[in-house]
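Me: I have a structure to go through with you. Could we start with the pocket and then move on to the strands and helices?
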Amino acid sequence: MAKGYRIRRAEPRDRDALTGLCMRSKQSNGYDDAFMALCAEELRVRDAWIVEDDFWLAEALDGALAGCIRLSSGETNGIGELETCFVDPHWQGRRVGRSLFGVLLERARALELVRIGLDADPFAEPFYTRMGFRTVGRTPSGSIPGRTLPRMELILDAGQRGS
């Protein structure tokens with residue numbers, strides 16, 4: 001844990017702290033309070049996400065949350081969805097996102113996924129591009145009428161899947 005944090009599976013007791021993390025991280029992109037109010041319900045972490053999806057968090061030495069990432073796969077014939085990925089503003093630029101993404105890729109390999117989709121915040125698009133995603137279109141925002149988001153995907157080759 002030389003990095004100052006450890007990665008572990010999220011647990012239901014983490015739900016409210018995860019919601020706070022998602023809100024802080026999203027607002028760090030410069031969104032105002034009115035915009036955040038429109039996004040609040042979409043960003044609220046649900047118990048089902050923690051129980052049913054692969055949801056990990058990066059926890060700092062002091063117990064504060066540094067970041068989180070969530071992969072859903074269900075019965076998708078090799079296709080997963082990166083549903084949640086946030087890093088606390090105080091931890092941004094310290095490789096927390098990359099570390100969490102590494103865990104996501106390991107799980108994707110174990111699930112034998114061939115593709116991971118993602119509706120990205122426009123401010124996060126460059127990060128996801130660095131992680132290997134490419135923008136394939138636009139998708140409607142789940143919170144803001146008339147707003148669209150970059151639709152991105154990552155094709156996992158045989159080497160990435162561990163085949």
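Me: Which strand gives the largest share of the lining of the largest pocket?
Reply: Strand 4 does, with 7 residues of the lining, where helices (H or I, at least four residues) and strands (E, at least two) are DSSP runs numbered from the N terminus. This is a predicted model, in which local features need pLDDT of at least 70 and side-chain atom pairs count only at pLDDT 80 or more, whereas totals for chains, interfaces and linings use all residues. Residues are numbered from 1 along each chain as its sequence is written, and side-chain values use heavy atoms, with hydrogens and water left out.

Me: What volume does the largest pocket have, and how is a pocket defined?
Reply: Its volume is about 950 Å³, taken as the space filled by probe spheres set on grid points that are joined across faces, edges and corners. On a 1 Å grid over the protein atoms alone, a pocket is an open set of points where a 1.4 Å probe fits, with protein on both sides within 12 Å along at least five of seven lines, and lining residues have an atom within 4 Å of a point.

Me: Which residues lie nearest its centre?
Reply: Of the 40 lining residues, Cys85, Phe86, Asp121, Ala124 and Tyr128 lie nearest the centre of the largest pocket. Elements giving two or more residues to this lining include helix 1 (15-27), helix 2 (33-43) and strand 4 (79-87).

Me: How does the lining divide by class?
Reply: There are 18 nonpolar, 10 polar and 12 charged residues in the lining of the largest pocket, with Ala, Val, Leu, Ile, Met, Phe, Trp, Tyr, Cys and Pro counted as nonpolar, Asp, Glu, Lys and Arg as charged, and the others, Gly among them, as polar.

Me: Switching to the sheet, what is the strand order?
Reply: The order is 1-2-3-4-5-7-6 in an open sheet of 7 strands with mixed pairing, where two strands pair if DSSP finds at least two bridges between them. Strand 1 (5-9) and strand 6 (134-140) are the edge strands, each pairing on one side only.

Me: How many bridges join strand 5 to strand 7?
Reply: These two strands run antiparallel and are joined by 5 bridges, and arginine 115 stands opposite isoleucine 155 in strand 7. Strand 6 and strand 7 also pair in the antiparallel sense, over 6 bridges, with glutamate 153 in strand 7 as the bridge partner of arginine 134.

Me: Last topic: at what angle do helix 1 and helix 2 pack?
Reply: They pack at about 145° with their axes 10 Å apart, where axes are lines fitted to C-alpha atoms, for helices over the stretch in contact, and angles run from 0 to 180 degrees between N-to-C directions. Among the residues that meet there are Thr19 and Cys22 in helix 1, and Phe35 and Met36 in helix 2, contact meaning heavy atoms within 4.5 Å. By class, this contact has 7 nonpolar, 2 polar and 2 charged residues.
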